[in-house]
Amino acid sequence: MKLILTLLVFLPLLGAALAGLFGRRLRDRASQAITTGLLFISCALAWWTFYQTIWGGWPAHAVVELLSFIQVGDFQSTWSIRLDSLSAVMGVVVTSVSALVHLYSWGYMAEDPSKPRFFAYLSLFTFAMLMLVTANDFMQLFFGWEGVGLASYLLIGFWFKKPTANAAAIKAFVVNRVGDFGFALGIMTVFWMFHTIRFPDLFPQIAAHAGRSWTFAGRSWSALDLAGVLLFIGAMGKSAQFFLHTWLPDAMEGPTPVSALIHAATMVTAGVYMVCLLSPLYEYAPQARTVIVVIGAVTSLFAATVGLAQNDIKRVIAYSTCSQLGYMFFAAGVGAYQAAMFHLFTHAFFKALLFLGAGSVIHAMHHEQDMRRMGGLARYLPITFAVMTIGTIAITGLGVPGLNWGFAGFYSKDSILGAAYAAGAREPLGYFAFVVGTAVAGLTAFYSWRLAFMTFNGPPEWARADAHAHGHADQGAHALSDHATSAQIETHAEPDETPDHSHSGDHGHDLKPHESPWTMLVPLFVLSAGAILAGAVFMPHFVGPWREAFWRGAIFVGRNNKVLDGAESGPSWVGLAPLVASVAGLAIAAYYYLFARGLARRIAERGGPLHTFLYNKWFFDELYDVVFVRTARWFGGLFWKGGDQRTIDGLGPNGVSAVAAWAGRGLGLLQTGYLYHYAFVMLLGVLGLLTYALTVWAR
Amino acid sequence: MGLQAIAFYVLAVVTVASAFGVTTARNPVHSVLFLILTFFTAAGLFVLLGAEFLAMLLVVVYVGAVAVLFLFVVMMLDVDFASLRAGFARYLPIGGAVAVFLLIEMILVSGAVAERGAAAHVKPLSGENISNTEAIGRVLYTDYLYDFQIAGLVLLVAMIGAIVLTLKHRPGIKRQTVADQTGRSVRGGLQVVQVKVGEGIAE
Amino acid sequence: MDLTSALQIALPEVILALGTLVLIVVGAFGGEKSTGLVGLGAGAVLVEAAAAACWGPMGQAFHGGFVADAAAQFSKVAIYLMSAVAIALGAPWLRRKRSAKFEYPLLVLLAATGMGVMVSAGDLISLYIGIELQSLALYVLAAFQRDDSRSSEAGLKYFVLGALSSGLLLYGASLIYGFAGSVRFADIAAAVHAGAGQGVIFGLVFLICGMAFKVSAAPFHMWTPDVYEGAPTPIVAFITAAPKLAAMVLFARALALGFPGATGQWQQVIVVIALISMAVGALAGLVQRNLKRLLAYSSILNIGYALMAMAAGTEGGMQAMLVFMVLYMIDVTGFFACLTALQRDGRPMERLEDFAGLVRVRPGLALAITALSLSLLGLPPFSGFWSKYYVFKAAIAGGLWPVAVFGLVASVPAAFYYLRILKTMWFDEPAGATDRTPGDASAIGMGAALFSFPLVLPALAALDPLATLAARAFGLA
């Protein structure tokens with residue numbers, strides 16, 4: 001078991017090291033083969049581990065200690081691999097999606113000149129993510145947390161010659177720093193309270209400290225809630241929740257496989273995973289959970305509304321991810337951790353599917369990402385069309401209520417909303433989450449189908465000769481949209497790197513879309529299967545009747561927490577509501593984009609206030625720009641020019657050095673070269689020393 | 001207050017006054033003469049202390065050799081003393097202040113020496129029937145042999161230094177070589193030449 | 001004590017004196033042709049004297065006027081060997097300058113004799129005579145290139161100011177004698193202990209002033225930059241190394257043996273001198289563009305450090321001072337050896353601009369200068385770091401931590417001027433080709449650089465216990 005776990009975690013690191021350090025010597029194909037091969041092995045091991053942990057003979061909770069990390073007093077941290085149902089599930093999700101994305105990238109990145117680097121980063125990311133999910137203490141969790149952040153930064157900025165990609169990478173890094181600051185404070189709070197950062201030592205202590213409070217600034221703060229909220233701030237950064245979400249849409253500057261792996265399936269769910277892992281803490285921190293519910297619900301609503309008005313195919317999916325993460329958080333917030341994990345699990349499949357499908361479309365369209373210039377692609381990309389439709393059905397949660405059979409999202413979304421409704425019986429906030437969640441289900445359906453219809457149906461906009469020529473002109477209609485749309489065409493900034501895909505040079509090039517190669521299609525098939533079946537197969541285990549046997553204590557549920565039982569026994573309309581909303585969304589989208597074509601475009605071009613508001617993402621970027629960026633720059637300028645340059649440098653280094661130079665020149669002037677001056681200075685010295693001695697010794 | 005005391009005060013006043021004269025005299029020759037006077041009166045003070053050998057030494061060495069050498073140097077060197085003294089007035093205030101301060105402090109110190117100095121109570125070594133000179137001679141070549149020898153080395157350095165810094169072997173300058181002079185013979189030094197009319201002597 | 005055993009104790013000085021006399025005769029009869037022979041002989045005499053000092057008997061001779069103890073032994077070996085190095089560095093240089101004289105090694109020998117007398121001084125008379133013997137030889141050496149006006153000027157300035165300092169020193173010595181009734185350090189110590197009062201301390205201030213001149217501590221440092229600039233480079237290398245060690249040891253001996261009862265008093269005066277030296281050395285060095293002047297200020301700064309260690313007034317302080325001086329001596333000799341080796345168009349390279357881009361012209365010497373600069377700067381693991389480490393440790397242990405802090409602050413501007421040399425050598429455009437470098441000076445420079453790292457590490461293992469032993473001879477706590 002120890003060997004299997006160690007290999008499972010470290011094979012990706014091996015791949016990353018080989019491809020990263022020896023990539024030039026190994027050449028493209030060997031690097032790809034090594035990293036992908038190792039990841040498939042790792043994936044197989046993960047599934048085996050998953051099987052053994054849940055149904056096999058492996059213990060419910062096992063820790064493989066590898067090396068000591070930091071050992072200072074109570075602050076004990078060890079490199080270790082923690083195995084329980086949670087980490088087993090995450091291991092499966094991470095390695096599966098990662099392996100498929102590796103394979104997919106063979107086709108997608110075929111034209112890229114620095115493939116070894118790309119695959120090394122991907123494998124490095126996978127390793128960091130596995131370290132994160134198998135952490136047995138906060139320190140290793142933090143290590144993994146930062147490791148995935150680093151890999152994310154590297155991959156968003158993978159096309160580093162593109163200024164927008166660099167900006168996006170920096171933005172992702174900086175916004176995550178804000179979250180990490182909270183996270184670090186949370187870890188410190190935990191350590192301060194419990195004198196340990198090891199999960200096995202920590203969790204049993206929590207119940208005893210439930211009521212403890214901490215007086216700060218004249219007010220009494222519940223210490224556990226404080227720790228919970230601070231840790232959740234970290235999760236908000238990583239999982240792109242409201243206020244700290246702005247980096248995720250921009251992160252779409254990275255290659256599409258990266259978006260699928262990191263910004264949809266795995267890294268962004270780290271926050272959700274952490275909240276579920278810390279369920280023993282959050283169960284005793286009701287106020288922190290309230291915060292989680294509110295933030296989660298608001299995020300899901302906000303992101304869904306913004307998703308309605310976006311034209312970039314990847315951005316729509318990115319906002320969708322943001323919204324679905326909100327779902328997971330409020331599920332965890334109301335106490336349905338299992339439901340959150342379940343949605344995380346299913347979401348990984350269908351969201352990765354959607355992203356990879358979108359990648360397939362983009363690939364086919366020669367890196368065109370604007371949906372307004374697509375249309376009618378169903379004829380040219382039948383397979384992509386099929387899998388995208390599957391993904392869309394899965395995300396909108398369509399199913400047959402009577403038979404209780406549907407696609408993945410059907411189950412997970414239902415269980416979340418049911419749990420929220422059931423939680424409402426205890427605290428009204430649950431009803432709020434339920435209402436928001438149901439509305440969001442409708443919005444999700446609308447924008448998801450809108451995406452599908454705009455891309456695959458209707459007249460082929462791309463065939464119009466002037467499609468590209470007027471592309472930017474018609475974007476000019478949206479005066480505020482520059483930064484939102486400027487990066488929509490990936491290749492524009494790097495025509496040198498992918499000359500075959502460049503269409504900025506020759507417009508006469510045959511733009512006819514082409515179906516993707518098999519390396520890209522195979523992952524799509526696998527993920528489609530997951531999107532269809534994951535819900536139905538795993539529903540009973542994750543949230544259903546067998547959940548106790550499945551989780552085996554990995555998720556702690558308080559004695560009063562009957563949310564999941566309530567979800568099953570709730571009124572039947574609760575179960576139907578999301579489906580109804582979803583179907584309604586589908587119908588409206590079909591009306592606008594299939595039957596009354598042009599209506600939507602006219603609305604968009606008229607640019608009503610609501611559309612403008614949504615199109616510009618509630619003006620969050622502008623708000624942050626004014627509130628944080630500009631003020632920070634102003635303060636920075638003030639401190640830099642006024643504080644540092646004038647005051648500190650002026651009085652400090654520069655002042656001191658000026659005084660030193662002045663004194664040096666003065667002493668140099670004394671050195672006149674005249675003998676009697678020298679003799680005089682000597683006599684002065686004698687006089688001074690004598691006088692000094694007289695005064696000192698006269699005491 | 002006996003005769004000895006009167007002699008001491010007279011000599012002391014003259015010593016200080018003439019020392020002051022060394023530094024203030026406008027004519028450098030006068031300065032050197034003042035210096036000689038200082039040495040003389042200092043020798044007189046030594047005599048008063050019963051150190052007649054030192055007094056004689058002072059007169060012979062300092063007056064007889066050093067000061068006279070000074071006098072020669074001052075008179076032979078064409079030094080523009082007026083320009084050397086140009087800064088005198090400029091530096092007088094600050095220099096004077098420093099001098100006054102030093103003087104006050106030294107007076108304080110000297111007072112303390114006169115009062116409590118251990119050497120004030122040391123008996124002179126001159127015994128019953130040993131002269132001053134003999135007493136010095138006895139310790140100089142026994143107890144202080146080491147210092148004496150090292151002092152000899154100091155003088156050696158001075159000599160070597162003087163030679164190194166001044167002796168020049170200039171080519172083309174005729175020097176007297178006694179051995180050559182005495183070793184000279186008629187055959188080597190004299191040549192009889194028949195001179196033809198109107199031709200002169202060609203070497 | 002009979003004369004034979006006294007001479008045995010003073011054997012190193014006897015060897016030096018007799019050797020000098022024999023070599024004078026050799027030189028006088030051999031003329032210019034014998035210069036090389038006299039140089040070799042002087043080197044041999046120095047090595048022999050060092051050996052005699054190393055393995056000779058210990059004790060006092062000549063009524064306490066000569067002391068042979070561990071401190072004298074330690075410093076004599078160092079002084080004699082450094083003097084031999086000075087001959088090895090200077091004689092070929094003078095030959096290249098076509099001003100070779102057989103007196104050069106003789107003067108170095110006599111100066112070494114004087115230094116030996118200084119470090120063995122047991123009373124005020126041998127103290128003074130030793131200083132005079134050494135100084136007089138150095139004055140002549142400074143003016144050795146008598147056709148160079150700057151050299152003559154340097155010698156004259158050195159001489160006149162030195163005479164002034166001798167006057168101060170003598171005045172102090174006579175005051176001390178006046179109070180204590182004896183010139184011997186042991187008797188003076190007894191008198192001070194018995195309460196000879198302030199007067200003797202006054203004499204001490206004058207004595208300190210006179211000796212501060214010899215170690216070129218501020219404010220008695222004024223001669224240093226001019227002499228360093230004017231005197232021939234290999235002779236500066238000599239002046240800045242061994243005589244400083246001798247003067248420091250003498251300084252320590254006079255204070256520790258003569259005035260152990262007034263430690264509190266002289267400590268305060270030494271601290272003031274150390275502080276002024278560090279300030280002057282660090283600040284005035286900033287504006288110097290002539291490397292020899294720069295090193296003059298650097299030596300003032302470093303003497304400040306050594307005085308700081310001595311001011312601690314403890315055995316540890318003396319040990320630190322000895323280690324510091326020996327390591328500094330090697331560093332600075334190496335530095336001057338590098339300067340000696342470098343010439344451009346027959347003129348010595350002294351200004352900072354001359355060293356621009358040296359690393360591309362003379363990589364070996366540039367590297368040596370780099371190592372020596374870093375060592376003077378006090379960068380670990382170079383020898384300068386260890387010497388400073390000793391000094392600061394001793395100062396802090398002696399309760400002088402404010403002085404130590406000041407010393408650390410002073411090392412910052414000093415770091416600037418050392419680093420500026422490096423910057424000029426490594427990053428500026430080359431100023432042109434240099435003349436062929438002579439093997440002897442380059443070898444000494446590179447040897448010193450090698451010593452500064454890594455040879456210093458094993459050397460320190462031997463130096464530390466020896467210096468401890470030597471420091472014990474000062475009889476401080």
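1. Chain C has an average pLDDT of 90, and 99% of the residues score at least 70. The model is predicted, and the predictor assigns the complex an ipTM of 0.91 together with a pTM of 0.63. Where pLDDT is low, the coordinates of a prediction should not be read in detail.

2. Chain A holds 28 helices and six strands. Of the 699 residues in chain A, 53% are buried.

3. Helix 10 of chain A, residues 270-277, is a covered element, with eight of its eight residues buried. The buried residues are A:Ala270, A:Gly271, A:Val272, A:Tyr273, A:Met274, A:Val275, A:Cys276 and A:Leu277.

4. The contact between chains A and B takes six residues from chain A and five residues from chain B. On the chain A side there are six nonpolar residues, with no polar and no charged ones.

5. The contact between chains C and B takes 35 residues from chain C and 22 residues from chain B. On chain C, the elements that give two or more residues are helix 5 (103-119), helix 6 (124-142), helix 7 (149-180) and helix 9 (198-214). Helix 6 of chain C supplies the largest share of that side, eight residues. By class, the chain C side divides into 22 nonpolar, nine polar and four charged residues.

6. The largest nonpolar core has 240 residues, and the members that touch the most others are C:Ala142, C:Ala309 and C:Phe324. Which residues does C:Ala142 contact, leaving aside its neighbours within four places in sequence? They are C:Ser151, C:Ala154, C:Gly155, C:Tyr158, C:Val227, C:Ala231, C:Ile235 and C:Ile239. A second, separate core of 217 residues includes A:Ala46, A:Ala88, A:Ala227 and A:Met371.

7. Helix 16 of chain C covers residues 363-377, and its length can be checked against its geometry. At 1.5 Å a residue, its 15 residues should span 21 Å, and the C-alpha atoms at its ends are 20 Å apart, so the two values agree. After helix 16 of chain C comes C:Gly378, which has a positive phi, near 95°.

8. How many of the 15 residues of helix 16 of chain C are buried? The count is 11, so the helix is mostly covered, given that a residue is buried if 20 or more other C-beta atoms lie within 10 Å of its own. Among them are C:Leu365, C:Ala366, C:Ile369, C:Leu372 and C:Leu376, as well as C:Ser373 and C:Ser375. The buried residues of this helix pack against helix 13 (291-311), helix 14 (315-341), helix 15 (358-361), helix 17 (383-397), helix 18 (401-427) and helix 19 (439-472) of chain C.

9. C:Thr314 lies in the loop between helix 13 and helix 14 of chain C. Is C:Thr314 buried or exposed? C:Thr314 counts as buried because it has 22 C-beta neighbours inside 10 Å, where 20 or more are needed.

Key:
Residues numbered from 1 in each chain as written. Chains lettered and ligands numbered in written order. Predicted model: local features only at pLDDT ≥ 70, side-chain atom pairs only at ≥ 80, totals over all residues. Helix = DSSP H or I, 4+ residues; strand = E, 2+ residues; numbered from the N terminus. Expected span 1.5 Å × (residues − 1). Buried ≥ 20, exposed ≤ 12 C-beta atoms within 10 Å, placed from the backbone. Contact = placed C-beta atoms within 7 Å. Nonpolar A, V, L, I, M, F, W, Y, C, P; charged D, E, K, R; others polar. Core = buried A, V, L, I, M, F, W, Y, C linked by C-beta atoms within 7 Å. pLDDT = per-residue confidence, 0-100.
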